[in-house]
Amino acid sequence: QVQLVESGGGLVQAGGSLRLSCAASGSGFRVNAMAWYHQAPGKQRDLVARITSGGTTNYVDSVKGRFTISRDNAKNTVYLQMNSLKPEDTGVYYCHAKIPDTTGLYEYNYWGQGTQVTVSS
C-alpha cells in the first residue's frame, strides 16, 4: 500500500522561505510524475508545480522564479522549495503522485494528507 507523507509546512513572514517534502512509502513500485497542489481557503485545489521521473519541471506562472520543485528518485521523495513567500501563498499544499500498475499501462493517483502553509504580511 502506497502512502504519501508530507512535512515542512508552517508559519512564516512574507518574504521568508519554507521547504516541503513528500515521501512515497511502501515497496515494490516506481513513481512517475509527482506534483504539488495548493488549496487556498475557500478555493479549489490548483497545480503549483510538477516534475516527471526524468526531471522535467513545470510551474504555474505565479510561482515561477520563487518556487523550485525537485525529487530524489532513490527515495521516492519530492520537494518544494518556496522562497519569497507572499500572503497569497497561504493554504494547504498537497503532494500528488502518479504510480503505474504492474503492466505500466495504467496510472493510479495518490494524494498526501496536506500540509498547512501560512504566510503573514
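Where is the place of Ser84 in the chain? Ser84 sits in the loop between β8 and β9, where strands are DSSP runs of E with at least two residues, helices are runs of H or I with at least four, and both are numbered from the N terminus. This is a predicted model, in which local features need pLDDT of at least 70 and side-chain atom pairs count only at pLDDT 80 or more, while totals for chains, interfaces and linings use all residues. Residues are numbered from 1 along each chain as its sequence is written, and side-chain values use heavy atoms, with hydrogens and water left out.

The chain has zero helices and eleven strands. Its radius of gyration, taken over C-alpha atoms, is 14 Å, close to the 14 Å that the globule rule gives for 121 residues, so the chain is as compact as a globular protein of that length. That rule is 2.2 Å times the number of residues to the power 0.38. Along its principal axes, the C-alpha trace spans about 50 × 25 × 25 Å.

Of the 121 residues, 42% count as buried; buried means under 20% relative accessible area, exposed means over 50%, and partly exposed lies in between, with a 1.4 Å probe and protein chains only. In soluble globular proteins, nonpolar side chains tend to be buried together. Here the largest nonpolar core has 27 residues. Such a core is a set of buried Ala, Val, Leu, Ile, Met, Phe, Trp, Tyr and Cys residues joined through side-chain atoms within 4.5 Å. Trp36, Phe67, Val78, Leu80, Met82 and Tyr93 have the most contacts inside the core. The elements that give two or more residues to it include β4 (34–39), β8 (77–82) and β9 (91–100).

Among contacts between residues at least 6 apart in sequence, 54% join residues at least 24 apart.

The loops complete the picture. Val63, in the loop between β6 (57–59) and β7, counts as buried because its relative accessibility is 3%. Val63 and Met82 are 19 residues apart in sequence and 8.5 Å apart in space, C-alpha to C-alpha. Asn76 is found in the loop between β7 and β8, and its phi is near 50°, a positive value in a residue other than glycine. At 17% relative accessibility, Asn76 counts as buried. Ser84 also has a phi near 50°, but at 40% relative accessibility Ser84 counts as partly exposed.

Key: Contact = heavy atoms within 4.5 Å.
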